[in-house]
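Hello,

Here is the structure I promised to pass on. Please open it first, then read my notes below.

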Amino acid sequence: MDAASQGRLGDGWFLSAANALAGVPSRVKKLFVLENFSEEGIFAVQLFHKGAPIIITIDDRVPVLENDWPVNARPSATGAWWVIMLEKAYAKMNLNYANLEGGMQYEAMRALTGQPVVLYQTSKQSAGETWSILSSTTGKGYITTASCLQDYAGLAGGNAYVVLG
């Protein structure tokens, strides 16, 4: 699945988690309850609250700029809008878009999968321990993301990343 990009909203943490989930397209497809596009523009999205599935119903209307480009998440390079609809459903679950300003990837991953998540604070580990943890996930189908508050080892602080491998 194509990745979408961040707009004006500071929810890169959510978009990173969604794009990581898209590494296996069937995981994203399972979130959208309706298999076909509704002529009325209605979407039903299954998210999770405290591990319990909930269905969020949204329409296809999103806030746009003067040039009709979405304010928040942007379509992928090939024009895919799935992450924009997923972002809207997550915003609705959290009452509004403003509540998505700043967050942690593990919060989004829990809401997208309903599965337990593990948080490692690399500032409390050696580089060897971090590498060992990352290496242990290879080939197991785990969804792995990373972030850092400050610039570190070539990563820009305040950004969220998908770990591939």
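Start with helix H3, whose buried residues pack against helix H1 (12-21), helix H2 (25-29), strand E1 (42-49), strand E2 (52-59) and H4. Bear in mind that this is a predicted model.

**Helix H3**

H3 covers residues 82-93. At 1.5 Å a residue, its 12 residues should span 16 Å. The end C-alpha atoms are 17 Å apart, which agrees. Of these 12 residues, 11 are buried, so H3 is largely enclosed by the rest of the structure. The buried ones are Trp82, Val83, Ile84, Met85, Leu86, Glu87, Lys88, Ala89, Tyr90, Ala91 and Met93. Leu95 follows the helix, and its phi is positive, near 85°.

**The core**

The largest nonpolar core has 34 residues. Within this core, Phe32, Leu47, Leu86 and Leu112 have the most contacts. H1, E1, E2, H3 and H4 are the elements that give two or more residues to it. H3 supplies the largest share, 9 residues.

Take a look at Leu47. Leaving aside neighbours within four places in sequence, Leu47 is in contact with Ala52, Pro53, Ile54, Ile56, Leu86, Ala89, Tyr90, Met93, Ala111 and Leu112.

**Salt bridges**

How many salt bridges does the structure hold? There are 2. Asp59, Arg61 and Lys88 are linked in a network of them.

Lys88 forms a salt bridge with Asp59, with the closest N and O atoms 2.5 Å apart. This pair links distant parts of the chain: Lys88 is in helix H3, Asp59 is in strand E2, and they are 29 residues apart. Asp59 also forms a salt bridge with Arg61, where the closest N and O atoms are 3.8 Å apart.

Which of these residues are buried, and which are exposed? Lys88 has a relative accessible area of 15%, so it counts as buried. Asp59 is partly exposed, at 25%. Arg61 is exposed, at 65% relative accessibility.

**A surface patch**

Now turn to the outside. Met104, Tyr106, Val117 and Leu119 form a nonpolar patch on the surface. Together they have about 310 Å² of accessible area. Val117 is found in the loop between helix H4 (105-113) and helix H5 (127-137). Its relative accessibility is 33%, so Val117 counts as partly exposed.

Best wishes

Note on methods. Residues are numbered from 1 along each chain as its sequence is written. This is a predicted model: local features need pLDDT of at least 70, side-chain atom pairs count only at pLDDT 80 or more; totals for chains, interfaces and linings use all residues. Side-chain values use heavy atoms; hydrogens and water are left out. Patches are made of residues with over 30% relative accessible area and no salt bridge: like charges are joined within 9 Å, nonpolar side chains (Val, Leu, Ile, Met, Phe, Trp, Tyr) within 5 Å. Accessible areas come from the Shrake-Rupley method with a 1.4 Å probe; for residues, only the protein chains shown count as cover. A salt bridge is a side-chain nitrogen of Lys or Arg within 4 Å of a carboxyl oxygen of Asp or Glu. Helices (H or I, at least four residues) and strands (E, at least two) are DSSP runs, numbered from the N terminus. Buried means under 20% relative accessible area, exposed over 50%, partly exposed in between (1.4 Å probe, protein chains only). The expected span of a helix is 1.5 Å times one less than its number of residues. Contact means heavy atoms within 4.5 Å. A nonpolar core is a set of buried Ala, Val, Leu, Ile, Met, Phe, Trp, Tyr and Cys residues joined through side-chain atoms within 4.5 Å.
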